[in-house]
Number of protein chains: 2
Amino acid sequence: MISITVLALGKLKEPYMRDFAAEYEKRLSAFCKLQIVELRPAPLPDAPSPSEIDRALASETGRILEKLPSNAYVFAMCIEGKETSSESFSQKISTLAASGVSHLVFLLGSSFGLSDEVKRMANERFSMSQMTFPHQMARIMLLEQLYRAFQIIGGGKYHK
Amino acid sequence: MISITVLALGKLKEPYMRDFAAEYEKRLSAFCKLQIVELRPAPLPDAPSPSEIDRALASETGRILEKLPSNAYVFAMCIEGKETSSESFSQKISTLAASGVSHLVFLLGSSFGLSDEVKRMANERFSMSQMTFPHQMARIMLLEQLYRAFQIIGGGKYHK
């Protein structure tokens, strides 16, 4: 069973978001060893300057790199990443697993995303939409796409 | 204040989805006259044939057309629609409002989407992602993008 780690900056604040995510976490447990790792975002003032944002992202970078399992295949979630259909995404997971990758990591930044260093270090940059979604909503969308990917691989009727 | 109708096939089933949507509905009420109209999807068996799906979509088409306000600018949400960034989406809404459009309608089908007739009748086909999301999640994503669009137009700091 493949391991999947979602490494996310920040918590799901609202109960309805936690319940939503929990539903897909429960469903995914039948298909992968899923782990959600939440890191505390670097504190920022209300209207941060570009350099304050850079420093915050840099301080998050070190903590992200520390948590990265070795030999994992890493997706950095960012709006400039490559978009793909749900079918191609499931194919990608299937191909990675077949080529011996046993651990996938999805990195989700907080409001200001991920540092360039993290993005460069990742195996790929991945985007679910040209639109900007709140990072908490993006986590739920990602869990849904992972569940959908396993349903597509298994030929389930969830994906129509 | 512009009117926005989200005309959706089916209900939000889970309490966490309803709470999630309600949050954005509440926030949107400051920016537009928002109405969510839910139509009952045509009943379908568990593993419907293509012709059963076509008949269901056709029966939904008539009910969708009946509910369409006249003079509305209609977006049909479908995966083959045009994708856009959140910034361009907000620009679109702003341009439509400036050109005298007072009512926007967003059509969201159920699991099997919308009929070709509905898609042809719409002013545009609009997609939020190359990925397939559940229609109930798509409704929440759309409400978030509408709220984000008004925040971008108003220069709020929600959109970074």
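**Exercise 1.** How many bridges join strand E3 of chain B to strand E4 of chain B, and do they run parallel or antiparallel?

Solution. The model is predicted: local features need pLDDT of at least 70, side-chain atom pairs count only at pLDDT 80 or more, and totals for chains, interfaces and linings use all residues. Residues are numbered from 1 along each chain as its sequence is written, while chains are lettered from A and ligands numbered from 1 in the order in which they are written.

Step 1. Strands (E, at least two residues) and helices (H or I, at least four) are DSSP runs, numbered from the N terminus. Two strands pair if DSSP finds at least two bridges between them.

Step 2. E3 (residues 73-82) and E4 (residues 103-108) of chain B are joined by four bridges and run parallel. On E4(B), B:Leu104 is the bridge partner of B:Tyr73.

**Exercise 2.** Describe the packing of H3(B) and H5(B).

Solution. Step 1. Axes are lines fitted to C-alpha atoms, for helices over the stretch in contact, and angles run from 0 to 180 degrees between N-to-C directions. The axes of H3(B) and H5(B) are 8 Å apart, at an angle of about 75°. This makes H3(B) roughly perpendicular to H5(B) (65 to 115 degrees; under 35 is roughly parallel, over 145 roughly antiparallel, the rest oblique).

Step 1. Residues are in contact if their C-beta atoms, placed from the backbone, lie within 7 Å. Among the residues that meet are B:Phe89 and B:Ile93 in H3(B), with B:Ala149 and B:Ile152 in H5(B).

**Exercise 3.** Relate the two chains and describe their contact.

Solution. Step 1. The same surface serves both copies, as 100% of the contact residues of chain B recur in chain A.

Step 1. Chain B gives 27 residues to the contact and chain A gives 27 residues. On the side of chain B that touches chain A, H5(B) gives the most, with five residues.

Definitions and conventions
Two residues are in contact if their C-beta atoms, placed from the backbone, lie within 7 Å.
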